[in-house]
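Notes below, in the order I looked.

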Amino acid sequence: MKIFAVGGAVRDELLGLPVKDRDYVVVGATPDDMLAQGFRPVGKDFPVFLHPQTHEEYALARTERKTAPGYKGFVFHTDPDVTLEQDLVRRDLTINAIARADDGTLADPFHGQQDLQQRVFRHVSDAFAEDPVRILRVARFAARFTDFTVAPETNALMQSMVAAGEVDALVPERVWQELARGLMEAQPSRMFEVLRACGALARILPELDALWGVPQPAKYHPEIDTGIHVMMVVDTAAQENYALPVRFAALVHDLGKGVTPPDAWPSHHGHEGLGVELVERVCQRLKVPGEVRDLALMTAREHGNVGRAFELRANTIVNLFGRCDAFRKPQRFIDMLRATECDYRGRTGYAGRPFPQFAYLEAALRAAQSVNAGVIAGMFQQQPQRIPDAIHAARVEVVDQVVQAQRA
């Protein structure tokens with residue numbers, strides 16, 4: 001029995017990065033051998049065991065054979081005779097197909113170290129084409145390792161996979177899982193750059209893919225292209241280290257611009273309302289979690305109003321709070337302001353500009369929250385039908401003080 005550290009842990013060590021999780025492959029062993037040493041079996045499709053002390057994963061060396069479309073259509077084979085190289089050849093990228101023995105020596109049959117030095121994502125073998133999830137993984141790695149590029153032959157292979165319909169066999173939950181992980185990386189735009197380059201984005205997120213080539217008014221958007229703008233917005237959210245709901249809201253806030261008739265370009269009047277339906281469609285298709293979906297819908301609908309905050313009357317601002325359920329969920333409203341600030345700053349030359357609408361609406365919300373709804377309700381015990389209007393009027397009155405102070 002020989003044990004090797006494999007995968008991301010070896011890769012990250014060679015890059016000088018911190019290692020989070022370690023995985024191991026065991027050559028020359030059977031499941032009974034592992035059980036005899038106290039390992040606990042956890043694998044469903046193939047033998048994976050947890051170490052009795054460290055609880056790290058140890059998988060028996062294996063080969064696999066494609067039997068059906070998609071990423072689940074595989075039959076796995078484990079045997080003490082399966083070699084380390086046979087196990088490594090089934091892995092996705094050369095940089096993930098390096099193994100380290102107990103004595104520190106490296107097994108690198110596919111020249112992964114060279115690709116690490118050259119900053120290249122290169123597939124190990126044509127077996128890459130059998131698993132469409134690997135396209136998403138390469139795109140996600142591009143968002144994490146921002147100075148790496150995809151080898152031309154790997155991009156060509158991914159293009160052929162898209163053309164063969166492999167991407168269409170992906171289940172929504174897995175697509176969302178990979179997209180969500182990529183959005184949380186250092187530069188999410190690179191994930192979508194890779195997906196566009198191989199044609200996968202048009203299959204996975206056609207609503208987003210439609211934004212490239214759609215112009216915006218240069219006066220407000222020096223970058224002009226809507227696709228470029230959205231990538232700048234989502235990268236701004238990443239630079240601010242915002243949570244996933246904010247980053248996803250930043251990604252999909254302008255989907256409505258993709259359905260503006262070309263004869264109306266570069267204007268996009270009413271794109272907010274059009275975008276709500278598209279965001280809803282995306283969220284249903286990918287089974288996006290509720291809290292992520294709700295913020296994305298709110299941001300798509302309201303980001304124009306937030307941008308025009310200084311033009312709004314107090315009554316309109318209080319109505320905005322009501323539509324956003326800001327009194328019950330103030331943090332979600334603040335997150336919407338964050339996504340909208342990213343929308344403003346995600347433009348050529350706008351990165352360092354102030355966005356005073358954020359503090360203004362935040363102050364207005366605090367003022368409206370200061371209204372004691374319980375006291376007002378007590379004043380209208382005999383006329384309960386008047387309570388909602390009385391609370392609204394009280395909130396408008398205090399918000400108007402914020403409005404007047406700003407205009408003074």
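Helices here are DSSP runs of H or I, at least four residues, and strands are runs of E, at least two, numbered from the N terminus. Packing is read from contacts, meaning heavy atoms within 4.5 Å.

Before going on, I noted that this is a predicted model, where local features need pLDDT of at least 70 and side-chain atom pairs count only at pLDDT 80 or more, while totals for chains, interfaces and linings use all residues. Residues are numbered from 1 along each chain as its sequence is written, and side-chain values use heavy atoms, with hydrogens and water left out.

How many residues of helix 16 are buried? I get 12 of the 16, so the helix is largely enclosed by the rest of the structure. Buried means under 20% relative accessible area, exposed over 50%, and partly exposed in between (1.4 Å probe, protein chains only). Among the buried ones are Arg332, Asp335, Met336, Glu341 and Arg345.

At 1.5 Å a residue, the 16 residues should span 22 Å, and the end C-alpha atoms of helix 16 are 23 Å apart, which agrees. The expected span is 1.5 Å times one less than the number of residues.

**Glu302**

Next I clicked on Glu302, in helix 14 (residues 290–307). Glu302 counts as buried because its relative accessibility is 1%. Its side chain makes a polar contact with the side chain of Arg301 at 2.7 Å. For that term I need a pair of N or O atoms within 3.5 Å; within protein, one must be able to donate a hydrogen and the other to accept it, and residues adjacent in sequence count only if both atoms are side-chain atoms. Leaving out residues up to four places away in sequence, Glu302 touches Leu320, Arg323, Cys324 and Met336.

Which peptide bond is cis? I found the one from Trp265 to Pro266, with omega near 5°. Pro266 is in the loop between helix 12 (244–252) and helix 13 (271–286).

Asn241 has a positive phi of about 60° although it is not a glycine. I placed Asn241 in the loop between helix 11 (226–239) and helix 12, and with a relative accessible area of 62% Asn241 is exposed. Asp325 has a positive phi as well, about 55°, and is not a glycine either. Asp325 lies in the loop between helix 15 (314–323) and helix 16 (330–345).
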